Amino acid sequence: MTLAVFFGCTFIAFGPALGLFLFTIARDPLRIIILIAGAFFWLVSLLLSSLIWFIAVKASDPQDEPLQKGLLIFGVMFSVLLQEAFRFLYYKLLRKAIEGLVALSEDGCSPISIQQMAYVAGVGFGLMSGAFSMINLLADSLGPGTVGIHGDSQLYFLTSAFMTMVLIFLHTFWGIIFFHGCEHRCWWEIAAVVIMHLTVSGSTFCNPLYVGSLVPSYLVMATAAAWAYMLSGGSARNLRRFLLCLQSGASPQLGS
Amino acid sequence: MITFMNNSDSEEEPCNERTSLMSAESPPVPSYQDGRQASGAGEAQAHRKRRTGSSRSPNNIADGEMSDPGVPVRGSALENEEEELTLKYGAKHVIMLFVPVTLCMIVVVATIKSVRFYTEKNGQLIYTPFSEDTPSVGQRLLNSVLNTIIMISVIVVMTVFLVVLYKYRCYKFIHGWLILSSLMLLFLFTYIYLGEVLKTYNVAMDYPTLFLVIWNFGAVGMICIHWKGPLQLQQAYLIMISALMALVFIKYLPEWSAWVILGAISIYDLMAVLCPKGPLRMLVETAQERNEPIFPALIYSSAMMWTVGMAKPDTAARGPSQQTWDAAEDGRDNHGSSSHADSQMSEMRSPVPTRPITSLEELEEEERGVKLGLGDFIFYSVLVGKAAATASGDWNTTLACFVAILIGLCLTLLLLAVFKKALPALPISITFGLVFYFSTDNLVRPFMDTLASHQLYI
C-alpha cells in the first residue's frame, strides 16, 4: 500500500518533468549543465531566504503563535522574491555565456539559443523546487504510517504531488516568460511572473482547503503555458496544425 | 585531479606491463602537430591564446595574449573547428564525468540508507585513534583535529613514499602495491558488502554460491582494472571499488573527524598539485620527463576506443610540446586492516587536439577522454554519504550536497579549460559540498520542515 502511494506520488510529481528531461534535455550536454546550474541557483536562493527566516525566528519569541505565522508568511514571500532575483541573475550569467559561446563558435552563432536556455533554466528551477518540496514526503510515504490520523487531510500526499507537478510546470513557463521579458526589456512580463509566483505561493496558504490552492494554481499554469507558447513562436494556427498532424508547408491533408 | 586522455602512446612502444595497462583506455592516436597547437581556446570567452611555444606553463597562460572576447574567430577554419571542437569537447566531457560521479554517489547513498551496517559505530581506524565520545565540545573538537592531523600526515608520507618509489623506478613495487590493494578491495570488501546486503534483505546464500560469485566478480575485476577489458566494464568496476572505499570511510571515520578530514584533504590536494615542491606536482613532472603514463589502475577514464584507420604517428612532433597527461598519484591509506595505499590521481589536463588534418587525408574523430582520479570519486561519495547518514534523515541535504559537488566539478573543468594544466579536483567541490551541507542541515531544513507541516509551497 505504501509502495503504491510512493510510486504514484513520485510519478505524479516528477513524471512530466522526467519526460521533459528525457526528451529534450538529456541528449545535449550543454543543456544538462545549464539544468544543473539552474538547480544550483535555485538552491542558493533558498539558502539565503532560509537564512533570513532563521535569523528572524531565532530573534523572536517562539511562543508567540501569530508572530511565528507572520514570520512564515514573510519568509515565503521573501523566498519567492529572492527566487525571482536569482532567476534574473541566472539570466545575466547565461547572457554572458552565450556571448562566449558565440565567440568560440565557427559560424558566429551559438549552439544554443537564449530561448532554449530559458526553457532549460526553468526546468532546472522547477526540478529543484519540486525535489526539495517532495523528496522528504516521498521518503516518509514509504514508511509505516497512516495519513491524517490526527485529523489532518487524508489527501496530503496526493495533493502535495499535484502541487509539485504544477509548480515544476510553472517554473518552466515562468523561465521562458521571464527571459523573454529580460531579452526584450518588457518589464511588465517580469512583473507578471513575480506576481504569478506570489499568487501561487500565497494560494497555498489556503491548504488544506485544496480547492483554494490547487485550482488557482492550475489556472495560472494554463495561462502561463499559453503565454509561454505564444512567446516561443507558437500560435493557434501552429497548434491546430500540430494537433491535426499536418506537415509544415505542405497542403493540409486529412489526419490519419 | 582530472586528466585528459592523450595520445602519448605510440605503436612503437614495446609491449610491457605499462602499455598493457594502458590498452584498456587509451587508443593509440597519432600525435598532434606542433603548429596546430596554436589555438587552445577553452570554454570561457577570454582565452583565445596563440601559443607557438612548446611549454604550457601557467605563466604563459596567465599573461599570454588574451584576445578580446568580441573578436571574431581568426585563423584558419581548422583552428575554428578545433575551438568549436574544444568547446563541444568541454561540455561533453563534463557530462562524461557527471555520470560516473553520480552513479558512485547513488550507490553509496542507496547503501547508506538501506544497509544499517555502514552507519553503525564499530570502532575506528588506527589512523584516527582519538575517540570522539568525550563530553565536552572543546575536547571533541581537539580530538577531531588531532585525528585529522594524523590522517593527513599518513597520507603525505604515503604520497612522498610513492613519489620516491616512482622517481627511483621501483615499478614492480608500485604495481605489487596496487595489485594488493585492489585485491583487497575486490575480494574482502566486496565479501563484507555482499554479506551485509544479504543480511539486510534477509536473503540466504550458501557458501559455494557465495564463493563462485565473489571469485568471478573479483577475478574479472582484477583483469579489467590491471590488464585489458571492455572500457565500460572497467569503468563499472572502478566506480564500484570507489563506492566500497567510500563506504569504509563513512563507517570508520568518526563524525567530526570526517568533516575536518574532508576540509583538510582538499587543502592538501590544492597544495600538493599546485605548489612547485608538492609531491603530486613532482610526480607529474617526473612522468612528463619520462613521457610515461601513470598507473591507470587508479584513474577513471572515460575515453572511448576508435578504430578508424590512422596514419603513422609523427614521432618528430612528439616532444616537449606534447601535452603530458600523466596523473599524479596520491597515496592514501584506507582501511586499517592492511597497509595498502589507494593512490589517487587527481590531475587535470587540457586536451591535446589530435587531428592530423594537415598531413593526412582522413578526418578522424577520436574521442578524447577525461580522466578523474579515484580518490576524487571516493571523497565526493564520502561527503554525500556522510550527508545521507547524519543529516537527521533528511534527503534535502543529500540532494543539496550532490548538486553542489556537481557544480564544483563543472567549475573545476572550466578552470581546466582555461588554465590547461594539472588542477586539483577536490577543493572547489568539497568546499561547496561542505558549505551546502552545513547550511542546508542547519538553516534550510527547519524552514522546509515548517513549510511542509503547513503544506506551503515556495
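How are H4(B) and H5(B) oriented to each other, oblique or roughly parallel? In this predicted model, H4(B) and helix H5 (residues 171-201) of chain B pack with their axes 8 Å apart and at an angle of about 140 degrees. The two helices H4(B) and H5(B) are therefore oblique to each other, since only angles over 145 degrees count as roughly antiparallel. The crossing of H4(B) and H5(B) is left-handed. On the H4(B) side, the contact involves B:Met158, B:Phe161, B:Leu162, B:Leu165 and B:Tyr166, which meet B:Tyr171, B:Phe173, B:Ile174 and B:Trp177 of H5(B). The residues of this contact comprise 9 nonpolar, no polar and no charged.

Helix H4 (residues 137-167) of chain B also packs with helix H8 (residues 255-274) of chain B, where the axes come within 8 Å and cross at roughly 40 degrees. H4(B) and H8(B) are therefore likewise assigned as oblique to each other. In this case H4(B) passes H8(B) in a right-handed crossing, whereas the crossing of H4(B) and H5(B) is left-handed. H4(B) contributes B:Val137, B:Arg140, B:Leu141, B:Ser144, B:Asn147, B:Thr148, B:Met151, B:Ile152, B:Ile155, B:Val156 and B:Thr159 to the contact with H8(B). The partners in H8(B) are B:Glu255, B:Trp256, B:Ser257, B:Val260, B:Ile261, B:Ala264, B:Ile265 and B:Tyr268. By residue class, the contact of H4(B) with H8(B) divides into 12 nonpolar, 5 polar and 2 charged.

Chain A contains 8 helices and 0 strands, and its pattern along the sequence reads α-α-α-α-α-α-α-α. The C-alpha trace of chain A spans about 65 × 45 × 30 Å along its principal axes. Within this chain, helix H3 (residues 65-104) and helix H5 (residues 156-183) pack with their axes 10 Å apart, at an angle of about 60 degrees. This angle makes H3(A) oblique to H5(A), and the crossing of the pair is right-handed. The contact is formed by A:Gln83, A:Glu84, A:Arg87, A:Phe88, A:Tyr90, A:Tyr91, A:Leu94 and A:Arg95 of H3(A). From H5(A), the contributing residues are A:His171, A:Trp174, A:Gly175, A:Phe178, A:Phe179, A:Cys182 and A:Glu183. The contact of H3(A) with H5(A) comprises 8 nonpolar, 3 polar and 4 charged residues.

The largest pocket has a volume of about 1800 Å³. It is lined by 47 residues, of which A:Ile135, B:Ile106, B:Trp395, B:Leu399 and B:Phe402 are the closest to its centre. In chain A, the elements giving two or more residues to the lining are helix H1 (2-25), helix H2 (29-58) and helix H4 (114-142). In chain B, the corresponding elements are helix H3 (77-114), helix H10 (374-390) and helix H11 (395-419). H3(B) provides the largest share of the lining, 12 residues. The lining residues of the largest pocket divide into 36 nonpolar, 8 polar and 3 charged.

Technical notes: Residues numbered from 1 in each chain as written. Chains lettered and ligands numbered in written order. Predicted model: local features only at pLDDT ≥ 70, side-chain atom pairs only at ≥ 80, totals over all residues. Heavy atoms only, no water. 1 Å grid on protein atoms, 1.4 Å probe; cavity = no way out; pocket = protein on both sides within 12 Å on 5 of 7 lines; lining within 4 Å. Points joined across faces, edges and corners; volume = space filled by probe spheres on them. Helix = DSSP H or I, 4+ residues; strand = E, 2+ residues; numbered from the N terminus. Nonpolar A, V, L, I, M, F, W, Y, C, P; charged D, E, K, R; others polar. Axes fitted to C-alpha atoms, helices over the stretch in contact; angles between N-to-C directions. Parallel < 35°, antiparallel > 145°, perpendicular 65-115°, else oblique. Left-handed = near helix turned anticlockwise from the far one by under 90°. Contact = heavy atoms within 4.5 Å.
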